[in-house]
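Hi,

Here is the structure I said I'd pass on. Have a look first, and my notes follow below.

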Amino acid sequence: MKVNAKKVLSLNNISKSYQNNLVINNFSIDFNYGNSVGMIGKNGSGKSTILKISCGLLKPDSGNVLLMGKSFDSTEDGLLIKSRMGVVLHEEMLYPQLTVFENLNFYSKILGIKNVNTKIEELSTLLKLSDYLKISVSKLSNGNKKRVSFAKSLLNDPDILFADEPESNLDDKGKEIVSKIFNDRRKRGLTNFFSTHSKIFLEKCSNQLINLKDFENA
Amino acid sequence: MLNWLKVLSILIKKDIKIEFQTKETLITLCLFGLLIITVFSLSTENNSLINQNFGAGILWSSVIFAGSIAMVKFFYHEEQNKTLQSLLVMPVPSELILFSKSIVFFLFLSISEIIIFLISSVLFNLNIFSLKLILGCIVFNVGYSVVGSFFGVISSKSSSKEILLTMLLIPIITPILMFIIATTNDVIRSELNSNFQTWLGVGISFDIIFLTLMSYLFGKIIDD
């Protein structure tokens, strides 16, 4: 399904507070397809909150979110948006009792992916996970769990990929693979929106920068 | 997008697969339920009068408490591994998450009840297997699983989840609890209760009302 919206993501006057602690105040931003947008800011500046609001995991106290021109407020639109986005958070969000293959297989079926085995094989080769497919997720290192989490989020080749500190837990090889994925996606006109503390990763993977410091007194 | 039934079956298969690997929920349900039954059987003599009067209460208190503990375990992993969050960013209607959890818990609860009832019938010398009780159990299990799954998800974030779940669950399921205890008493005493159809109506109404209400509220609550 093609959505005719120039802006892939629009956050309009978003505010969010946790127990009277205002984390985001009247934050607005939008960007077009084909960008890789990196977000930096000190701890507690609201990077994760902005990402979670953008992907529909959190509701803002005020303001609205449009993803691919559609809102999460409508159930039907929400499901359509979710079928075309990928999310990698701090937590791997995987079933530790299941193997890597079983996890990816489960999410592939949920996403309605055709040729599941081919897709899993392709992603496991890309993320160097082929040797771990039959291993239970609980037995993986944090770095490999992160790679599985990336594989999961790329199963549907999402129009927009949200990633909260994508480089964390990854070794140099892992970081290299992820930055290559980000850049390849951008070249194909797909969008990445991520937060990071690493200036090197930011330089490698983004063509647009959001510094939350600039919004502090907005 | 996949149709709802297909997504529901994928979610159910996943939960069953995880349970077959860990066996946590089923073992908790059966062991804890049997433990309560055993304690009661040790504390009472094999007095058929006592069993006829208290048999239903003993049976269902073991099912209820074992069920609430197993339910906490059932949802704890989802919260701990943030896999519920993972489903919320997937194209899965939130109601389906509740339905799949309810169906899987219904299955586990039914299996554990068969085991608990079999052992109880031997320990207490009770003749409790009848179509009436099977029908009653199905109606009770539907209501208990739906309400329990709803509160299981809500309470999973709480540090005192075991207490919170039990405190929320038991007052709400009182109508179906009264229904199933009345039905079990009738079966144990071999009475033909003219009120069975009325109670059955109460149980079925409870199931329909709470299935509708919980699926509506689940989407609202989980979004926040």
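In chain A, the C-alpha centres of domain 1 and domain 2 sit 23 Å apart. Domain 1 covers 1-84 + 158-218 and domain 2 covers 93-157, with bounds taken from an automatic or database domain assignment. Where they touch, domain 1 of chain A puts in 10 residues and domain 2 of chain A 11; contact means C-beta atoms, placed from the backbone, within 7 Å of each other. On the domain 1 side, helix α6 (residues 172-187) of chain A has the largest share, three residues. Helices here are DSSP runs of H or I with at least four residues, numbered from the N terminus.

Keep in mind that this is a predicted model: local features need pLDDT of at least 70, side-chain atom pairs count only at pLDDT 80 or more, and totals for chains, interfaces and linings use all residues. Residues are numbered from 1 along each chain as its sequence is written, while chains are lettered from A and ligands numbered from 1 in the order in which they are written.

Now the two chains: chain A and chain B each give 22 residues to their contact. On the chain A side, α2 (75-82) and α3 (100-110) each supply two or more residues, and α3(A) has the largest share with four.

Beyond its neighbours within four places in sequence, B:Pro175 contacts B:Val202 and B:Phe206. B:Gly143 is 32 residues away in sequence, with a C-alpha to C-alpha distance of 9.9 Å.

Cheers
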